[in-house]
Amino acid sequence: MSRHQDLLTTKALLAGWNLTCGGDRAQPAVTLTRERWSILVLYSGDTPISAGLLSPGRAEYDTIPVPAVDQWMKCSQDLMALHAVGDRVTVGGRVGTVVGFKLEERHPAAGPWKFRLQVVYDDGVDGDPFPASAIPFRSLPGTASESPSCKGWQCEDHGALMCLTRTYTKDDSAPTERTVLCGYHAEHGDRRLTVVRVLHEIPTPAAAMAADNERRNA
């Protein structure tokens with residue numbers, strides 16, 4: 001193990017991350033896992049060349065800068081356990097959907113490194129609240145659960161994307177709502193609705209299971 005990997009191991013263990021080494025001698029790989037989060041660091045020899053972040057609700061790693069690995073490792077374990085991509089939250093009375101996470105750019109004066117949620121509110125406006133300020137949104141009793149089938153016109157494909165849509169009107173006066181759509185209807189809409197924006201992917205059961213297995217086996 002190289003000096004850089006030794007240092008990474010020490011930092012990970014101090015911050016409560018589990019560490020697994022893989023790859024081969026020429027191209028080692030290190031996976032850090034803590035609860036529902038995983039960080040993957042790929043090396044060329046002794047030099048880290050790329051990194052990925054697998055956050056809760058994602059089925060695939062998002063590429064992050066190598067220096068950001070140290071920052072994500074220093075984030076609060078309690079705050080990182082609060083939310084996942086796709087969660088419905090209420091922030092200051094506004095309801096929205098968590099679509100991602102981002103680090104604060106400034107180094108904190110003390111304590112864990114801070115990060116924010118990336119939220120799209122139901123009116124289509126973006127927000128970046130701190131995790132502690134976002135309260136899980138509870139649906140009313142009897143509310144139907146979201147179906148994985150596409151809600152496009154006469155479409156029976158798997159719903160791959162959660163989208164913010166608006167029923168088609170000439171003046172765009174209809175309120176926005178969350179709609180499950182396939183890839184085609186998420187891009188093109190249909191005769192009845194306009195897609196305002198794509199919120200997040202809906203992992204297939206197989207992809208979600210693979211991500212969970214990867215975290216458990218790391």
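The points below comment on a predicted model of one protein chain.

1. Basis of the note. Residues are numbered from 1 along each chain as its sequence is written, and side-chain values use heavy atoms, with hydrogens and water left out. Because the model is predicted, local features need pLDDT of at least 70 and side-chain atom pairs count only at pLDDT 80 or more, while totals for chains, interfaces and linings use all residues.

2. Confidence. The mean pLDDT (the predictor's confidence in each residue, from 0 to 100) of the protein chain is 86, and 87% of its residues reach 70 or more. The pLDDT is below 50 over residues 140-147, a stretch with 3 contacts in the model beyond near neighbours in sequence; contact means heavy atoms within 4.5 Å.

3. Overall make-up. The protein chain has 5 helices and 13 strands, taken as DSSP runs numbered from the N terminus (helices H or I, at least four residues; strands E, at least two). Of its 218 residues, 39% are buried, that is, under 20% relative accessible area with a 1.4 Å probe, protein chains only.

4. Cores. A nonpolar core is a set of buried Ala, Val, Leu, Ile, Met, Phe, Trp, Tyr and Cys residues joined through side-chain atoms within 4.5 Å. The largest has 30 residues, of which Leu32, Ile39, Val69 and Trp72 touch the most other members. Elements giving two or more residues to this core include helix 1 (3-14), strand 3 (37-44) and helix 2 (67-73). A second, separate core of 8 residues includes Cys150, Leu161, Cys163 and Leu193.

5. Strand 11. This strand is largely enclosed by the rest of the structure, because 6 of its 7 residues are buried. Strand 11 pairs with strand 12 (residues 176-181) in the antiparallel sense over 6 bridges; pairing requires at least two bridges found by DSSP. Strand 11 also runs antiparallel to strand 13 (residues 193-201), with 7 bridges joining them. Arg166 has Thr194 of strand 13 as its bridge partner.

6. Thr165. Thr165 lies in strand 11 (residues 161-167) and counts as buried because its relative accessibility is 1%. Thr165 stands opposite Glu177 in strand 12. The side chains of Thr165 and Thr179 make a polar contact at 2.6 Å, a term for a pair of N or O atoms within 3.5 Å; within protein, one must be able to donate a hydrogen and the other to accept it, and residues adjacent in sequence count only if both atoms are side-chain atoms.

Technical notes:
Buried means under 20% relative accessible area, exposed over 50%, partly exposed in between (1.4 Å probe, protein chains only).
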